[in-house]
Amino acid sequence: METKKVWFVTGASKGLGFELVKKLLSEGFQVAATSRTVESLISTIGETSVNFLPLSVNITDNNDIKSAIEKTVEHFGRIDVVVNNAGYGQIGTLEELTDEEARENYAVNVFGTLNVIRNAMPYLREQRSGNIFNISSVGGYSANFPGWGIYCSTKFAVAGFTEALAEEVKDFGVHATVVYPGYFRTDFLTKDSVKTPSNPIQAYEAARNSEQAHLNEINGNQPNDPEKAADVLIQISKEKNPPVHLLLGVGTVEFLHNKIDILKKDAEKWESLTVSTAI
């Protein structure tokens with residue numbers, strides 16, 4: 001029965017989404033996959049079939065998402081696992097990114113995910129089962145990367161509303177998991193995928209160094225395999241009690257421990273002022 005589950009995966013033409021869709025189809029699952037152009041899905045994965053439904057979707061358009069989910073249910077009869085993977089990296093300090101650049105990153109990474117949840121939940125709630133995976137980032141709990149503040153903040157938002165979502169939907173037998181990937185060897189950091197500021201300020205030396213390190217050194221040398229990430233998501237979807245928080249990839253645990261240490265040190269150092277406000 002597990003192989004009959006219907007998966008809905010956004011951002012499926014490349015990266016983790018692409019590897020996940022390939023793995024799902026090879027294991028007999030039914031998959032609806034979205035990308036900005038259906039041609040990109042057909043050329044890399046294949047035409048519409050009994051088990052595969054490629055869909056052209058503008059993730060920022062609520063009506064487009066609603067239509068895609070309706071087509072998925074019409075094609076497969078149901079929807080069981082939702083993977084909100086669509087998104088992109090935006091490099092740039094808070095000062096140098098324009099209002100338009102910041103809002104567009106939120107439109108895709110945050111509001112695009114909310115559009116999917118809003119339109120998928122009526123089906124999951126009615127059938128009283130399902131899984132929702134919201135793909136955040138290691139930058140969704142540790143944002144001390146100069147030049148990545150806006151992007152990290154979008155992933156903090158994904159983590160925050162997934163925590164609430166998990167509580168809201170558990171009475172319907174639906175599980176929500178926020179996934180924090182580390183560095184995976186995909187095209188996420190290629191110049192065609194990640195966006196850089198249109199008006200960079202050279203005075204931000206640390207941000208420029210971080211930008212160049214990610215684009216020229218980390219890119220292509222990431223320590224994690226996206227195919228193995230796909231295996232993990234499939235395994236978690238089969239668990240009776242899946243986690244709300246899922247660290248994914250070597251290196252992510254170290255980021256978590258460092259963030260916890262920073263919070264503890266600040267809390268302990270300033271505890272006298274923290275409690276000084278009591279009436």
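Buried here means under 20% relative accessible area. The model is predicted.

**Helix α7**

Helix α7 covers residues 226-237, 12 residues in total. From first C-alpha to last, α7 reaches 17 Å, close to the 16 Å expected at 1.5 Å a residue. Its buried residues are P226, A229, A230, L233, I234, I236 and S237. Seen down the axis of α7, they fall within an arc of 165°, so they line one face of the helix. An α-helix has 3.6 residues a turn, so residues three or four places apart point the same way.

What covers this buried set? Both strands and helix α1 take part. The cover includes the elements below.

| Element | Residues |
|---|---|
| β1 | 6-9 |
| α1 | 15-26 |
| β4 | 81-84 |
| β5 | 130-135 |
| β6 | 174-181 |
| β7 | 245-248 |

**The second largest pocket**

The second largest pocket holds about 160 Å³ of space. Its lining consists of G140, Y141, F156, A159, E163, Y180, H245, L256, K259, I260 and L263. By class, that lining has 7 nonpolar, 2 polar and 2 charged residues.

Which helix gives the largest share of the lining? It is α8, with 4 residues. Helices α5 (149-169) and α8 (252-269) each supply at least two lining residues.

**A107**

A107 sits in helix α4, residues 99-127. Leaving out residues up to four places away in sequence, A107 touches T60 and G112. A107 and K265 lie 158 residues apart in sequence. In space, C-alpha to C-alpha, A107 and K265 are 35 Å apart.

Key:
Residues are numbered from 1 along each chain as its sequence is written. This is a predicted model: local features need pLDDT of at least 70, side-chain atom pairs count only at pLDDT 80 or more; totals for chains, interfaces and linings use all residues. Side-chain values use heavy atoms; hydrogens and water are left out. On a 1 Å grid over the protein atoms alone, a cavity is a set of points where a 1.4 Å probe fits but cannot get out, and a pocket is an open set with protein on both sides within 12 Å along at least five of seven lines; lining residues have an atom within 4 Å of a point. Grid points are joined across faces, edges and corners, and a volume is the space filled by probe spheres set on the points. Ala, Val, Leu, Ile, Met, Phe, Trp, Tyr, Cys and Pro count as nonpolar, Asp, Glu, Lys and Arg as charged, and the others, Gly among them, as polar. The expected span of a helix is 1.5 Å times one less than its number of residues. Buried means under 20% relative accessible area, exposed over 50%, partly exposed in between (1.4 Å probe, protein chains only). The arc is that of the directions from the helix axis to the C-beta atoms. Contact means heavy atoms within 4.5 Å.
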